[in-house]
Structure formats: C-alpha cells, structure tokens
Amino acid sequence: MGRHFGDLAKIGHVITYSLSPFEQRAFPNYFSKGIPNVWRRFTSSVFKVAPPMICMYLTYTWGNHVHSEGKRKVAADYENEK
C-alpha cells in the first residue's frame, strides 16, 4: 500500500470495463418507445392515485371552510350588551 490516494489498496484479478460517453446514444428510442410507455404507465396508475387525492383535497378544503366559519363572531350573541 502506498501513501497516495490512488494507491490505497492493490486489487488483483478484477477487470473493469467502461464505455465512452461519446459512444453512447443519449436518447435511444425516445419518441418511438419512451413517450408511449410514459402514457401507458400514467393511464394505468391515474385511477389508483387520483381518487384518494381528490377525496383528501375536498376533505381539506371542507375542514378549512368549517374552521373559518367557526372562528367568526355571531352577532346575535352580542345584541344585549351595552
């Protein structure tokens, strides 16, 4: 073992391969397979995800509405005060 960062350990019998980024295709089959796959995955999961989210949104807005109504003063409670 050496004292330099690159020489911390010697590993034998290990073969590594790498492919140059210039030899890779960045977006292979993007339009022919990628977009239809995204659409298929979206339509298959939208009916599982959307109903609970809509229900929770409606519950949240209803709760905020009821809370804001509950914090209002009722004018009939203060009619007889002087």
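These legends walk through a few close-up views of one predicted model.

Some ground rules come first. This is a predicted model, so local features need pLDDT of at least 70, side-chain atom pairs count only at pLDDT 80 or more, and totals for chains, interfaces and linings use all residues. Residues are numbered from 1 along each chain as its sequence is written, and side-chain values use heavy atoms, with hydrogens and water left out.

View 1. Helices (H or I, at least four residues) and strands (E, at least two) are DSSP runs, numbered from the N terminus. Of the 82 residues in the chain, 0% are buried. Here, buried means under 20% relative accessible area, exposed means over 50%, and partly exposed is in between (1.4 Å probe, protein chains only). The chain's accessible surface is about 8900 Å², and carbon and sulfur atoms own 62% of that. Those areas come from the Shrake-Rupley method with a 1.4 Å probe; for residues, only the protein chains shown count as cover.

**View 2. F27, Y30 and F31 are linked by ring pairs into a cluster.** The structure holds 3 aromatic pairs. One of them joins F27 and Y30, edge-to-face, at 5.6 Å centre to centre with 65 degrees between the planes. Y30 also pairs edge-to-face with F31, their ring centres 4.9 Å apart and their planes at 85 degrees. What makes a pair? Rings of Phe, Tyr and Trp (its six-membered ring) pair if their centres lie within 6.5 Å; planes under 30 degrees apart are stacked, over 60 edge-to-face, and the rest tilted. F27 is exposed at 65% relative accessible area, and F31 is exposed too, at 66%. Y30, at 41%, is partly exposed, and it sits in helix α1 (residues 30-70).

**View 3. A nonpolar patch on the surface brings in I35.** Together, F27, Y30, F31 and I35 have about 510 Å² of accessible area. Patches take residues with over 30% relative accessible area and no salt bridge, joining like charges within 9 Å and nonpolar side chains (Val, Leu, Ile, Met, Phe, Trp, Tyr) within 5 Å. A salt bridge is a side-chain nitrogen of Lys or Arg within 4 Å of a carboxyl oxygen of Asp or Glu.

**View 4. H13 has a positive phi without being a glycine.** Its phi is near 65 degrees. H13 lies in the segment before α1 and is exposed, with a relative accessible area of 87%.

**View 5. N29 is not a glycine, yet its phi is positive.** The value is about 55 degrees. N29 belongs to the segment before α1. Buried or exposed, or in between? At 39% relative accessibility, N29 counts as partly exposed.
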